[in-house]
Amino acid sequence: MDVHNKANVALSQLVVVDVQTKLAVVMAANDMQAVLKNCGILLQAANMLNVAAIITEQYPQGLGHTVPELSAVSPHTHAVEKVSFSCLAEPKFSRQLTRDHAQVALAGMEAHICVLQTALDLIAIGKQVFVVEDAIISRNPANKANAIARMRSAGCIITNTESLVFEWLGVAQGDAFKAISKLIR
């Protein structure tokens, strides 16, 4: 696999993990607002640039469905329901994971549980994983920091929303650039 340390729009797939109503309300409010904003930017940019996106929901009967802020910006993306912490343990998720996309960008929650286990399993199957640090959250910031350290040491690339979407864009021109620039402001 030809691996670069830069996200490539033609090689990428976006996964937004478990940003659900009942889980969102137990997060620190300011941090959660930032994560919602950044996940929204990622989903909208992916849509504009034809990057395949998967949204997951951990046990929605108990934790609710994807927050309306994200459902609204990604109306054609149907959530994959799961009970396993790693998304890869859910066959429906694995079927949606695009084989010809070597890169997976991860966002969502909680960083130290579902995001971490998914990242480690993606690395294990040979994917290059970009963890979008400003688009992940845990109830306890220390758990998020620990998860980021573990993912980095496992080979994940730790990035941020703006870096990722501008790597996907590649150039500062065209309609997608103008639209995405407005999202970032």
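Analyst: In this predicted model, strand S4 (residues 103–109) and strand S5 (residues 128–137) run parallel and are joined by 6 bridges. Within this region, Gly 108 stands opposite Ile 136 in S5. The open sheet to which they belong has 6 strands in the order S3-S2-S1-S4-S5-S6, with parallel pairing. Strand S3 (80–82) and strand S6 (157–159) each have a single partner strand, so one side of each lacks a neighbour in the sheet. From one strand to the next, the twist averages 25°.

Two helices may be described against this sheet. H2 touches strand S1 (12–17), strand S2 (52–58), S4 and S5, and its direction makes about 140° with that of S5. Helix H6 (residues 111–124) packs on the sheet through S1, S2, S3, S4 and S5, with its direction at about 165° to that of S4.

Helix H2 (residues 29–48) also packs with helix H9 (residues 174–184), at an angle of about 175° and with the axes 10 Å apart. Because angles over 145 degrees count as roughly antiparallel, H2 and H9 are described as roughly antiparallel to each other. Lys 37, Ile 41, Gln 44, Ala 45 and Met 48 of H2 make this contact with Ala 176, Ala 179, Ile 180, Leu 183 and Ile 184 of H9. These residues divide into 8 nonpolar, 1 polar and 1 charged.

H9 packs with helix H8 (residues 161–169) as well, at about 175° and with the axes 11 Å apart. Here Glu 162, Val 165, Phe 166 and Leu 169 in H8 meet Ala 176, Phe 177, Ile 180, Ser 181 and Ile 184 in H9. This contact comprises 7 nonpolar, 1 polar and 1 charged residues.

How values were computed:
Residues are numbered from 1 along each chain as its sequence is written. This is a predicted model: local features need pLDDT of at least 70, side-chain atom pairs count only at pLDDT 80 or more; totals for chains, interfaces and linings use all residues. Side-chain values use heavy atoms; hydrogens and water are left out. Axes are lines fitted to C-alpha atoms, for helices over the stretch in contact, and angles run from 0 to 180 degrees between N-to-C directions. Helices (H or I, at least four residues) and strands (E, at least two) are DSSP runs, numbered from the N terminus. Angles under 35 degrees count as roughly parallel, over 145 as roughly antiparallel, 65 to 115 as roughly perpendicular and the rest as oblique. Contact means heavy atoms within 4.5 Å. Ala, Val, Leu, Ile, Met, Phe, Trp, Tyr, Cys and Pro count as nonpolar, Asp, Glu, Lys and Arg as charged, and the others, Gly among them, as polar. Two strands pair if DSSP finds at least two bridges between them.
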